[in-house]
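Please walk me through this structure, from the chain as a whole down to single residues. Plain paragraphs will do.

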Amino acid sequence: MITIQIQEDKLPILTLEEGGMKTSKKVTFDVLEQLIVNHNTIQTLEQKEIVFSSPTLPPNTIKYAQNQSGMDFLFMIEPEVVTNIQYNQFTFSDIPFPKMVFAYKINKQQVVDVHCAVYKDLYLRDTTELYRFPYSNVHTNGRLCYFSSERLTDLVQLQDYAYQWRMTKNNDHIYFPGTTNLMKDTLYNVFETFECKPFDESILAPMGLNYSQWSSDFIKS
């Protein structure tokens, strides 16, 4: 049996296996061409070996990484949506949420950290500038002040995580008028202003980071 392995920027390696013995040597492409033309005993023609394959990922995943400890990092985009908000003892209908990206850190199938950020661009690219979440309960760097540290069956289960988070009751924690957003108004008035109306991107406060920087910081944290 003859096996040929093609390596990028290197000469092909020809392996001959006969009688339980293997012999390998490098050959020129001219020799390889003749082998392909003249022999029908070539069993495999391999260009590149697969060195990594991700597990099945939830929809809208735009980046996946794994560190040496086996910790998983997922980045998922969420389209602009409207949600009914429970804010303290008040209920607001159809509050708009802007386009967002969520970052999840998973250790041994358990959610151990979640961050989020807002973006304006039609498509999220490495150079896309990010903005702070304009409401409450999110730190300056995008870390959620509360999140479910549930144990996952698999990573696909994350696809409804952001939805469940939006359904959680809101309060004024980590909301600072003029800093969290540019409206310089109470959160109650912000919700009242946007109720049943499109989201106004002009109120967004810049994070001072693009997506590439933000995602890299999250993976390194």
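Predicted model: local features only at pLDDT ≥ 70, side-chain atom pairs only at ≥ 80, totals over all residues.

Residues are numbered from 1 along each chain as its sequence is written, and side-chain values use heavy atoms, with hydrogens and water left out.

The chain contains 4 helices and 12 strands; these are DSSP runs numbered from the N terminus, helices being H or I with at least four residues and strands E with at least two. Of its 221 residues, 37% are buried. Buried here means under 20% relative accessible area, exposed means over 50%, and partly exposed is in between, with a 1.4 Å probe and protein chains only. Among contacts with a separation of 6 or more, 57% join residues 24 or more positions apart; a contact means heavy atoms within 4.5 Å.

The structure has 0 disulfides, a disulfide being a pair of cysteine sulfur atoms within 2.5 Å. As for cysteines, C145 is partly exposed because its relative accessible area is 24%, while C196 counts as exposed because its relative accessibility is 54%.

Next comes a pair of strands. Strand 7 (residues 81-87) and strand 8 (residues 90-97) pair in the antiparallel sense over 6 bridges, where pairing requires that DSSP finds at least two bridges between two strands. V81 stands opposite F97 of strand 8.

Helix 4 spans residues 211-220, and its buried residues are Y211, W214, S215 and F218. These residues lie on the same side of helix 4 because they cover an arc of only 95 degrees around the axis; the arc is that of the directions from the helix axis to the C-beta atoms. What do the buried residues of helix 4 pack against? Their partners are strand 5 (61-66), strand 6 (72-78), strand 9 (100-107), strand 10 (110-119), strand 11 (129-131) and strand 12 (206-210). The N-terminal end of helix 4 is capped by N210, with a side-chain oxygen 3.2 Å from the backbone nitrogen of S212. A polar contact is a pair of N or O atoms within 3.5 Å; within protein, one must be able to donate a hydrogen and the other to accept it, and residues adjacent in sequence count only if both atoms are side-chain atoms.

The loop between helix 3 (187-194) and strand 12 holds I203. Is I203 buried or exposed? I203 counts as buried because its relative accessibility is 6%. I203 and L182 are 21 residues apart in sequence, and their C-alpha atoms are 4.8 Å apart in space. Neighbours within four places in sequence aside, I203 is in contact with P134, N181, L182, M183 and F194.

The loop between helix 2 (161-166) and helix 3 includes N170 and N171. N170 is buried, with a relative accessible area of 7%, whereas N171 counts as partly exposed at 32% relative accessibility. Not counting residues up to four places away in sequence, N170 touches I85, Q86, Y87, N88, S136, N137 and F191. With its neighbours within four places set aside, N171 is in contact with Y87, N88, S136, N137 and L187. N171 and Y87 are 84 residues apart in sequence and 5.6 Å apart in space, C-alpha to C-alpha. A polar atom of the N171 side chain also lies 2.9 Å from the backbone nitrogen of H173.

N137 itself lies in the loop between strand 11 and helix 2. N137 is not a glycine, yet has a positive phi of about 70 degrees. N137 counts as buried because its relative accessible area is 1%. Q109, in the loop between strand 9 and strand 10, also has a positive phi of about 70 degrees without being a glycine. Q109 is partly exposed, with a relative accessible area of 29%.
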